[in-house]
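These notebook entries record what I looked up in the structure shown below. I begin with the sheet and then turn to the helices.

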Amino acid sequence: MAAPRGVGTIVLMRDPMAVLTGTFEDLGVPYEHRGGDTVVAELPGTHKLKIPVAFAVGSHSVAVNAFVVRAPQEHVPQIHRWLLRRNQRLFAVAYAVDHLGDIYLVGRLPLDAITPQSVDALLGSVAATADGDFDTLLEMGFES
């Protein structure tokens, strides 16, 4: 007879903040703590020189938030349509617009999915997307 769930088994809980910061250190990604449950990593880019990525550890998940570009001043409806179409092809993150119109990449991972491999893949997705789309967003949103 099998033991009831949680009885006679050992569950190893990883500290998600330790996994995040350990992965940043292993990858050579600069970071800083911002409050108890938030850490901000700074990714390098080619087109967008610095890509700040905030990781906020919650009780059930880790929220990811990366600033991409300030609110566009031109062609806003076309840009929003472009962002929605672009979201269909993204891994682990999606474009979002805040109350000011600034454009971000956002995502959420469950705590048990926070591993060095998933953090590395998420950082790669954010860096490739933010850096790769930066010039297009600038051209569309600030044409004149």
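I count two strands as paired if DSSP finds at least two bridges between them. Helices (H or I, at least four residues) and strands (E, at least two) are DSSP runs, numbered from the N terminus. The model is predicted: local features need pLDDT of at least 70, side-chain atom pairs count only at pLDDT 80 or more, and totals for chains, interfaces and linings use all residues. Residues are numbered from 1 along each chain as its sequence is written, and side-chain values use heavy atoms, with hydrogens and water left out.

Entry: the sheet. I looked up strand S3 (residues 50–57) and found it joined by five bridges to strand S4 (residues 61–69), the two running antiparallel. Within S4, Ala63 stands opposite Ala56. I then traced the whole sheet, which is open, antiparallel in its pairing and built of six strands in the order S1-S2-S3-S4-S6-S5. Strands S1 (31–33) and S5 (94–97) are at the edges, each with a single partner strand, so one side of each has no neighbour in the sheet.

Entry: helix H3. I compared its length with expectation (1.5 Å times one less than its number of residues). The 26 residues of H3 (residues 116–141) should span 38 Å, and the end C-alpha atoms are 36 Å apart, which agrees. I noted a bend of about 40 degrees at Phe134, taken as the angle between axes fitted to the seven residues ending there and the seven starting there.

Entry: Ala121. I located Ala121 in helix H3.
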